[in-house]
Amino acid sequence: MSSVIVSNVPDKVTPAELIKFFSFAGRVSDLRPLSEKGKYQVVFEDPKAVSTALVLNDAELDNTFIRVDEDLELTDGEPGVAPQQGGVEKERQEDIQATLSDAYGQIRHKYSADLHQEDKPKYAVLAELLSHGYSLSDDVVKKAADLDKKNGLSENYQNFIKSLNENKEKCPVIRGEEKIGKAYENSDLKKYFDNLSDEISHSKGGLTVSQFYQKVANDVNSIRDQAKKLAKERQHSKT
């Protein structure tokens, strides 16, 4: 089953905000309020997003630790809870549906050259979350790195990084057509490269994919340092 159960969600956290948060794990196809206050079923399009979503147990939203659990009832074949149960207003459910694609679009737009969230290692996803100002304890960050060390990097991710290393002067293939431009100049891809500046000479071998993305992060500090770098680059791109 490609869903998780999230509970202890503060009242101030809107459905749109919750969807955006879990969209870092992968595209959310539905958010279903359950009968218990502050409890939701988060449904993903791709089952691969579930393992990353589970890492977010004990993450903070509005200064409150949320709980993220496996959706055991539905996994075991139980009927689960329908979206309209628990006195959920029709207007609220319609609002949830209206925000699904928009929330994921804030993380990864439709024609992005970047890899899908579901294929990224957990340590990279958490670096992105931290860079957007979300609060994650060292235990949560370490858990992500430990799982990546145990399970390794996905084949899709390894092929993606390999394509950046081998074709640094070109963007990856998107929708079957090779985009014009350089990978390290693409707004979606420049975060993967080291030594980006206006002064650097873009000669052969002058730019390399960051070691942070070529192997599993070894410690919590390296993930937090990368988050600061991502936040700084995003702020710089706005100026």
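# Talking through the fold

Colleague: Let's start with one pair. Which residue in S3 is the bridge partner of arginine 32?

Modeller: Keep in mind that we're looking at a predicted model. Look in S3 for the bridge partner of arginine 32, and you land on glutamine 41.

Colleague: OK, zooming out: in what order do the 4 strands sit in the open sheet?

Modeller: Strands of a sheet pair through backbone hydrogen bonds, either parallel or antiparallel. Here the pairing is antiparallel. The edge strands, each pairing on one side only, are S2 (28-33) and S6 (67-70). Reading across the open sheet, the order is S2-S3-S1-S6.

Colleague: By what angle are neighbouring strands of this sheet turned against each other on average?

Modeller: Here we ignore direction and take the average over neighbouring strands of the sheet.

Colleague: Now S1. How many of its residues are buried?

Modeller: Ser3, Ile5 and Ser7 point one way from S1, while Val4 and Val6 point the other way, and all are buried. S1 also has pairing partners: 4 bridges tie S1 to S3 in the antiparallel sense, and 4 bridges join S1 to S6, again antiparallel. S1 is mostly covered, and the count of buried residues is 5 of its 5.

Colleague: Which residue in S6 is the bridge partner of isoleucine 5?

Modeller: On the S3 side, serine 3 stands opposite valine 43. Over in S6, the bridge partner of isoleucine 5 is aspartate 69.

Colleague: Let's move to helix H2. Which helices and strands do the buried residues of H2 pack against?

Modeller: H2 spans residues 48-55, and its buried residues are Ala49, Val50, Thr52, Ala53 and Val55. Those buried residues pack against S1, H1, S3, S6, H5 and helix H6 (138-151).

Colleague: H5 keeps coming up. Why is H5 described as largely enclosed by the rest of the structure?

Modeller: The buried residues of H5 include Tyr123, Val125, Leu126 and Leu129. After H5 comes glycine 133, which has a positive phi, near 95°. H5 is called largely enclosed because of its count of buried residues, 10 of the 10.

Colleague: Are H5 and H6 roughly parallel or roughly antiparallel to each other?

Modeller: Two packed helices are described by the angle between their axes and the distance between the axes. For H5 and H6, the axes come within 8 Å and cross at roughly 155°. Angles over 145 degrees count as roughly antiparallel, and therefore H5 and H6 are roughly antiparallel.

Colleague: Is aspartate 114 buried or exposed?

Modeller: Aspartate 114 sits in the loop between helix H4 (90-107) and helix H5 (122-131). Its side chain makes a polar contact of 2.9 Å with the side chain of lysine 120, and also one with the side chain of lysine 191 (2.9 Å). Buried means under 20% relative accessible area, and aspartate 114 has 8%, so the word is buried.

Colleague: Histidine 116 lies in a loop too. At what relative accessibility does histidine 116 count as partly exposed?

Modeller: The loop that holds histidine 116 is the one between H4 and H5. Along the chain, histidine 116 and arginine 27 are 89 residues apart, but their C-alpha atoms are separated by 8.8 Å. Histidine 116 counts as partly exposed, at a relative accessibility of 40%.

Colleague: Last one. Which residue's side chain is joined to that of aspartate 138 by a polar contact of 2.8 Å?

Modeller: Aspartate 138 is in helix H6 and counts as partly exposed at 45% relative accessibility. Leaving aside neighbours within four places in sequence, aspartate 138 is in contact with Val220 and Arg224. Aspartate 138 and arginine 224 are 86 residues apart in sequence, yet 9.4 Å apart in space, C-alpha to C-alpha. The side chain at the other end of the 2.8 Å polar contact belongs to arginine 224.

Definitions and conventions
Residues numbered from 1 in each chain as written. Predicted model: local features only at pLDDT ≥ 70, side-chain atom pairs only at ≥ 80, totals over all residues. Heavy atoms only, no water. Pairing = 2+ DSSP bridges. Helix = DSSP H or I, 4+ residues; strand = E, 2+ residues; numbered from the N terminus. Axes fitted to C-alpha atoms, helices over the stretch in contact; angles between N-to-C directions. Buried < 20%, exposed > 50% of the residue type's maximum accessible area, 1.4 Å probe, protein only. Polar contact = N/O pair within 3.5 Å; in protein donor to acceptor, adjacent residues only side chain to side chain. Contact = heavy atoms within 4.5 Å. Parallel < 35°, antiparallel > 145°, perpendicular 65-115°, else oblique.
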